[in-house]
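I opened my notebook to look up a few things in this structure. My entries follow in the order I made them.

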Amino acid sequence: MTTITTEELAETTLLRFATAGSVDDGKSTLVGRLLHDSKSVLTDQLEAVERVSASRGQEAPDLALLTDGLRAEREQGITIDVAYRYFATPRRRFILADTPGHVQYTRNMVTGASTAELTVILVDARNGVVEQTRRHAAIAALLRVPHAVLAVNKMDLVGYDEKVFAAIAEEFTAYATELGVPEVTAIPISALVGDNVVDPSANMDWYGGPTVLEHLETVPVAHDLSHCHARLPVQYVIRPQSADHPDYRGYAGQIAAGSFHVGEDVTVLPSGRASKISGIDLLGEPVDVAWTTQSVTLLLEDDIDISRGDLIVPSKDAPPTTQDVEATVCHVADAALTVGHRVLLKHGTRTVKAIVKDIPSRLTLDNLSLHPHPGQLVANDIGRVKIRTAEPLPVDSYADSRRTGSFILIDPNDGTTLTAGMVGESFAAPEPVKDASGDDGWDF
Amino acid sequence: MTTVATVSEETGSPYALSHLDALESEAVHIFREVAGEFERPVILFSGGKDSIVMLHLALKAFRPASVPFSLLHVDTGHNFPEVLEYRDRTVEKHGLRLHVASVQDYIDRGVLKERPDGTRNPLQTLPLTEKIQAEKFDAVFGGGRRDEEKARAKERVFSLRDEFSQWDPRRQRPELWNLYNGRHAPGEHVRVFPLSNWTELDVWQYIAREGIELPQIYYAHEREVFSRSGMWLTAGEWGGPKDGETVEKRLVRYRTVGDMSCTGAVDSDADTIEKVIVEIAASRLTERGATRADDKMSEAAMEDRKREGYF
């Protein structure tokens, strides 16, 4: 490792990524190597692992002990919950959502992928693309993770054969492209031996691409904002009412998408009132332009009624508001989601009452087939849902905006997070399912 | 007017935030969510670097208004005098309200019993949780980071606690996008960790960037210490040195600041923030592994204490 200067460290960018892979694909080894080779596993942590491994009579340190943080996980020897890991190189900081591979933990992969800009999908070179691989690719596509890495692992066990790698890469890329994954980078690796993880492999001269770490360090993290709809969900109204700031009234929030500039005409949703941005404070400093994902405070020319839950948007680019939301959802709670279920829907900073009007289909991740009218969604199910909200919501399509196109459903009785939702058409539902009932007559 | 833009050479995008800006923005978002959704939030403030950074972020989040939260300190009775002085000065400077939960009071009243090893850290849980109940706090900010310990790596940003303040890792809510769920029943509260995604190095870099003042014990200084269980502990009335332990003057600093009875100093000549950052970047020990006795008690020490309501 080269020495990192203070200045270099402060200038690096942040990449959030998630890993996905079945238990035996070598995910722990890959994660372990990335952490180890970037100095993120320190001596006392390794010693603790060695001590516990030895006390159990194991000959070699069990690296899974580094990542399995809960008593129950260590007892069962499996990962049951997403964990977040941190490591850094001179070029970039990484937040890794380390998600379990079992199919019954689909909700955990969804959780990890929801904030990820890249997913690493592991495949065993001996087995190639299997059902679980297709499932992981489908979730990455569903969650619109911008970048996917296919890590073809255990190349040492197939004689570092270029043909094996090429066939798997081709099959996966074709499948992922069909799903709408925008970018796939396939890398042949051996996590155990270290080929192409951090250091280029001497065993695969035929491969001219980046190592896993090199790719993680250089993949672009920011989108081109010129195509993004600017959105600011209002979190909190800042009113000092002090001698120094008697008339200050600022609308604080984290820019969910796009950029805002002073002088811009804006509209407040759902009320539809219009004004103009008179100032932008970036944590106390005035700026003339601000962009996603900065936390800012907007000041407007007119004194209009705005409160938490409102959405500020450019007047020329306002989303429609609706009380009928159609979405692809992943059900994350143990209790089922059923038609007629009364729930709370949190979208941006707004929480409204809602009712599940219909569940037109459930998706079978293995082959992407649709099971019509399943009646309910149980834990880890992915399906299409129609929801009626008590108040109009300004929603974007998830395909346009991961922040303003997403929502969660909450159980109003006990506060459980029930469901993760993505608004709009999905790759899995090419044809919209017709709503035959047309019955809107309900109230709370 | 100024615009703050850091053009990243790798991405060529003027819109890529530096990692510190991204972490800062995320933490501010969390503070504002709590201000918007809860009735009685409080910030756990120990005078340690993480809680100092938390307060700094809260101050920035609500500028030019004041912070809409009060502070809560769990005073073990064995705190470093420099840290208490820093705490009181900070509260005064920002016009904040400070609540104190005192371990010494509980011992004096006979509710808690001093442990044979003299460590008061595990005794903090009861005064903390009773104070939360008595004051009806519904959101309690902690400076915990997921990089500290493997049980903490599993912790949510919004972590629901029952009426006994217990953490049930199997009952955790999935956290999706940045849609935090703060729903709770009366008597329950939510622990909130705005620094979840920060590492020790991030905290130090941010302190350097923002020019944040810290208690001097974080920087190398000569101090009377004695060795116990492989750590340099500060000598004092709290319970050391005992027979067979000898006091010596050493050049040390602290990486974490907790109770004097369980927080060890490290040998160091890092007397400026730049030197501290260089030292941490090169260290082969985690801050807890190096200096905290309480985490060495068992493989699941942190998980077990968190389950009981510890921060």
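How much area is buried between domain 1 of chain B and domain 2 of chain B? I noted first that the model is predicted. The buried area comes to about 2100 Å². Carbon and sulfur atoms give 54% of it.

**Entry: the two domains of chain B**

I looked up where the domains run. Domain 1 of chain B covers 19-201 + 301-308, and domain 2 covers 216-297. Their C-alpha centres lie 23 Å apart. I then checked the contact between them. On the domain 1 side 24 residues take part, and they touch 25 residues of domain 2 of chain B. In domain 1 of chain B, the residues that lose the most area to domain 2 are B:His78, B:Phe80 and B:Glu200. Together they make up 31% of what that side buries.

I also looked for charge pairs here. Between domain 1 and domain 2 of chain B the count is two salt bridges. B:Glu200 came up again in my search: its side chain meets that of B:Arg255 in a salt bridge, at 2.9 Å from N to O.

**Entry: salt bridges over all chains**

How many salt bridges are there over all chains? I wrote down 42. I picked out B:Asp202 and A:Arg93, whose side chains meet at 2.4 Å, N to O. B:Asp202 lies in helix H6 (residues 200-210) of chain B and A:Arg93 in strand E3 (residues 92-98) of chain A, so this pair joins two chains.

**Entry: two helices in chain B**

I turned to helix H1 (residues 19-37) and helix H2 (residues 49-61) of chain B. At what angle do their axes cross? The answer is roughly 75 degrees, and the axes come within 9 Å. Angles of 65 to 115 degrees count as roughly perpendicular, and H1(B) and H2(B) are therefore roughly perpendicular to each other.

I listed the residues that make the contact. H1(B) brings B:Glu24, B:Ala27, B:Val28, B:Phe31 and B:Arg32. H2(B) brings B:Met54, B:Leu57, B:Ala58, B:Lys60 and B:Ala61. Sorted by class, the contact of H1(B) with H2(B) has seven nonpolar, three charged and no polar residues.

**Entry: backbone details in chain A**

I went on to the backbone of chain A. Which residues does a cis peptide bond join? One such bond joins A:Leu269 and A:Pro270, with omega about 10 degrees. A:Pro270 sits in the loop between strand E11 (265-269) and strand E12 (273-282) of chain A. A cis peptide bond also joins A:Thr292 and A:Thr293, with omega about 0 degrees. I found A:Thr293 in the loop between strand E14 (289-291) and strand E15 (295-300) of chain A.

Last, I checked A:Asn196. Its phi is near 60 degrees, a positive value in a residue other than glycine. A:Asn196 lies in the loop between strand E6 (184-188) and helix H9 (212-218) of chain A.

Key. Residues are numbered from 1 along each chain as its sequence is written. Chains are lettered from A and ligands numbered from 1 in the order in which they are written. This is a predicted model: local features need pLDDT of at least 70, side-chain atom pairs count only at pLDDT 80 or more; totals for chains, interfaces and linings use all residues. Side-chain values use heavy atoms; hydrogens and water are left out. Axes are lines fitted to C-alpha atoms, for helices over the stretch in contact, and angles run from 0 to 180 degrees between N-to-C directions. Helices (H or I, at least four residues) and strands (E, at least two) are DSSP runs, numbered from the N terminus. Angles under 35 degrees count as roughly parallel, over 145 as roughly antiparallel, 65 to 115 as roughly perpendicular and the rest as oblique. Contact means heavy atoms within 4.5 Å. Ala, Val, Leu, Ile, Met, Phe, Trp, Tyr, Cys and Pro count as nonpolar, Asp, Glu, Lys and Arg as charged, and the others, Gly among them, as polar. Domain bounds come from an automatic or database domain assignment. Buried area is the accessible area (1.4 Å probe) that two parts lose on being put together, summed over both. A salt bridge is a side-chain nitrogen of Lys or Arg within 4 Å of a carboxyl oxygen of Asp or Glu.
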